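Subject: Handover of a structure and notes on it

Dear colleague,

Please find below the structure that I am handing over to you. My notes follow directly after it.

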Amino acid sequence: MPMNLVHDVDGLPRIILTEPTGSSAEVLLYGGQVVSWKNERREELLFMSSKANWKPPRAIRGGIPICFPQFGNLGSLEQHGFARNRMWSLDSDPSPLPPANNQSSVDLILKSTEEDLKIWPRCFELRLRVTLSAGRLTLIPRVRNTDNKTFSFMFTLCNYFSVSDISEVRVEGLETLDYFDNLNNRQRFTEQADAITFDGEFERVYLSTPTKIAIIDHEKKRTFELWKDGMPDAVVWNPWDKKAKALQDLGDEDYQSMLCVDSAVIETPIILKPFEEWKGRQEISTVSSSCCSGQLDPRKVLYGFH
């Protein structure tokens, strides 16, 4: 399936991916960011803020932003690093991945610039492959050290899921795990709940998480299955009402229809020697809710990518 490169009203080039059952995805060159994923019924599966700022150099709140080489304020760089507000390029040589000719797919690349080297003096190539198939969206990020010295980095795919009502959503697969509570001075706790539910602001980094996490939306009777590899941490975030009002690029009521569950490398940054490459993988699929509920006890989850 050929990809379609268009320029939208904001002047930001975007790639539109489609596949035979009717689903679609849209990826901006700005930030290498997926900003839309619709199923075969044309229902939007990713959340986008009603007040999202689409003008560079601001980050766009919604879709799947990429945090690199830093997560949050855990370092000397701007919040979440700089990859999400740089203009990426189409990657003509995605080696060693096989060519994606037979799928609806796009390969993007971000290389360190002189401007970046002033604030983060490390030469790198950050690649992203986005592949759309029936009922599934796959992202494969890769980082190559093109410097002559070793460096380390954090990496996060921030998945803004569209949900019907946050108070009717639960997350399974993270019970019994340790987490850092960002609302409590990043103190470390152990999750006690059978499943994660939401009745207020929530911001935690779960550690050593399984490869599969389920986001169950009772009202829509829809479950997102998040499969990940190479990204052992998982961030779960919802700002709730007070924080939503304080965020300029988020509508006051937007928190009710969104939930972030991120694939992440935060606690133990990746260390790359010169010319080494790190690769991650994330697949998101949707299934009927009845398929997942109660089946994600982490003691029973296979720790291996499906």
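Predicted model: local features only at pLDDT ≥ 70, side-chain atom pairs only at ≥ 80, totals over all residues.

Residues are numbered from 1 along each chain as its sequence is written, and side-chain values use heavy atoms, with hydrogens and water left out.

Binding site

An unreviewed UniProt entry lists Arg61, Gln79 and Arg84 under "binding site"; UniProt positions are given in the numbering used here, feature names are shortened, and annotations may be inferred rather than shown by experiment. These residues are spread over 24 residues of sequence, yet they cluster in space, with a largest C-alpha distance of 13.1 Å. Arg61, Gln79 and Arg84 are included in the lining of the largest pocket (on a 1 Å grid over the protein atoms alone, an open set of points where a 1.4 Å probe fits, with protein on both sides within 12 Å along at least five of seven lines; lining residues have an atom within 4 Å of a point).

Gln79 is in the loop between strand 5 (66–67) and strand 6 (89–90) (strands are DSSP runs of E, at least two residues, numbered from the N terminus). Arg84 is in the loop between strand 5 and strand 6 as well. Gln79 is partly exposed, at 42% relative accessible area, whereas Arg84 is buried, at 18% (buried means under 20%, exposed over 50%, partly exposed in between; 1.4 Å probe, protein chains only). The backbone oxygen of Gln79 lies 3.2 Å from a polar side-chain atom of Arg84.

Nonpolar cores

The largest nonpolar core has 78 residues, of which Phe68, Phe153, Phe198 and Leu259 touch the most other members (a core is a set of buried Ala, Val, Leu, Ile, Met, Phe, Trp, Tyr and Cys residues joined through side-chain atoms within 4.5 Å). Strand 20 (residues 258–272) gives the most to this core, with nine residues. A second, separate core of six residues includes Leu12, Val35, Ala52 and Ile60.

Serine 285

Ser285 is found in strand 22 (residues 281–288) and is buried, at 5% relative accessibility. The C-alpha atoms of Ser285 and Leu137 are separated by 6.6 Å, although these residues are 148 residues apart along the chain.

Yours sincerely

Conventions
Helix = DSSP H or I, 4+ residues; strand = E, 2+ residues; numbered from the N terminus. Polar contact = N/O pair within 3.5 Å; in protein donor to acceptor, adjacent residues only side chain to side chain.
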